[in-house]
Amino acid sequence: FLTRATYNGDRDIVIGIPVRGRNHADTESLMGHFVNMLPVRLDVPRGGELRELVHATRSVLLDALSAPDIRLEDIAEMRSGLDGAANSILYHAQFSFQDIRDRITHWGPLSHQRIDIDQPGIAEDLNLWAVDRGDRGIEAALLYNSDLFKEETIRGIVAHYERTLAALAQDPRQSPEIAMTHGDTDKTKES
């Protein structure tokens, strides 16, 4: 949230989080891709400590995850009567985290394995994807719409994100403004 607030200048941020779409017993035995995109909204505060922002983010995220059955399509339909950008923007970026450490890989004679696939394009402006591989650490990738962003801008965003994480690890009591200054880079977008 903090990095996104730095780059768009708006502290009212909505991030799309994909969640498991098998919340009912009647879908448990079905094969297929069941995912719901959950918009998570946070107003990045001014002042205070960075760790307070982390706690607020956690609280907002847990609140959103408590209602995974609210479909993005239903939210879009409810917003259809709004004017301008309020009608068109459901989320600013996407974040996906997968913990694959204890994932079941065998069902009787059947098994599956994870296949890494390069994604040539995305539907969102930005998509931060991370996967916890246990002993191999956390692997992450930032995917972006090349019609909107220059490669050097994305490299700057990644560098800023890494510096913000390092700043958080070094001193979680600092303010978000100080953490955000750890990565002043070219924030321009192509139009």
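In which loop is proline 172 found? Proline 172 lies in the loop between helix H6 (151–170) and helix H7 (176–180), where helices (H or I, at least four residues) and strands (E, at least two) are DSSP runs numbered from the N terminus. The structure is a predicted model, in which local features need pLDDT of at least 70 and side-chain atom pairs count only at pLDDT 80 or more, while totals for chains, interfaces and linings use all residues. Residues are numbered from 1 along each chain as its sequence is written, and side-chain values use heavy atoms, with hydrogens and water left out.

Proline 172 is partly exposed, at 31% relative accessibility; buried means under 20% relative accessible area, exposed over 50%, and partly exposed in between (1.4 Å probe, protein chains only). With neighbours within four places in sequence left aside, proline 172 is in contact with Glu49, Leu50 and Arg51, contact being defined as heavy atoms within 4.5 Å. The C-alpha atom of proline 172 is separated by 8.6 Å from that of glutamate 52, and the two residues are 120 residues apart along the chain.

Strand pairing was assigned where DSSP finds at least two bridges between two strands. Strand S1 (residues 12–20) and strand S2 (residues 35–43) run antiparallel and are joined by nine bridges. Within this pairing, glycine 16 has proline 39 in S2 as its bridge partner. S1 also pairs with strand S3 (residues 93–99), in the parallel sense and over two bridges. Here isoleucine 15 has alanine 93 in S3 as its bridge partner.

Isoleucine 15 belongs to strand S1 and counts as buried because its relative accessibility is 8%. The C-alpha atoms of isoleucine 15 and proline 39 are separated by 5.6 Å, although the residues are 24 apart along the chain. Asparagine 36, in strand S2, is likewise buried, with a relative accessible area of 8%. Apart from neighbours within four places in sequence, the contacts of asparagine 36 are Ile17, Pro18, Val19, Pro68, Asp69, Ile70, Arg71 and Leu72.

Side chains of opposite charge can pair when their charged atoms come close. A salt bridge was counted where a side-chain nitrogen of Lys or Arg is within 4 Å of a carboxyl oxygen of Asp or Glu, and the count comes to two salt bridges. One of them is formed by the side chains of arginine 133 and glutamate 139, with an N to O distance of 3.1 Å. Arginine 133 is buried, at a relative accessible area of 14%, whereas glutamate 139 is partly exposed, at 33% relative accessibility. In the salt bridge between glutamate 151 and arginine 155, the closest N and O atoms are 2.6 Å apart. These two residues are separated by about one helical turn because they are four residues apart in helix H6. Glutamate 151 is partly exposed, with a relative accessible area of 42%, and arginine 155 is exposed, with 57%.

On the surface, Ile104, Trp107 and Leu110 form a nonpolar patch with about 350 Å² of accessible area together. Patches consist of residues with over 30% relative accessible area and no salt bridge, like charges being joined within 9 Å and nonpolar side chains (Val, Leu, Ile, Met, Phe, Trp, Tyr) within 5 Å. Accessible areas come from the Shrake-Rupley method with a 1.4 Å probe, and for residues only the protein chains shown count as cover. Leucine 110 is located in strand S5 (residues 110–111) and is exposed, with a relative accessible area of 57%.
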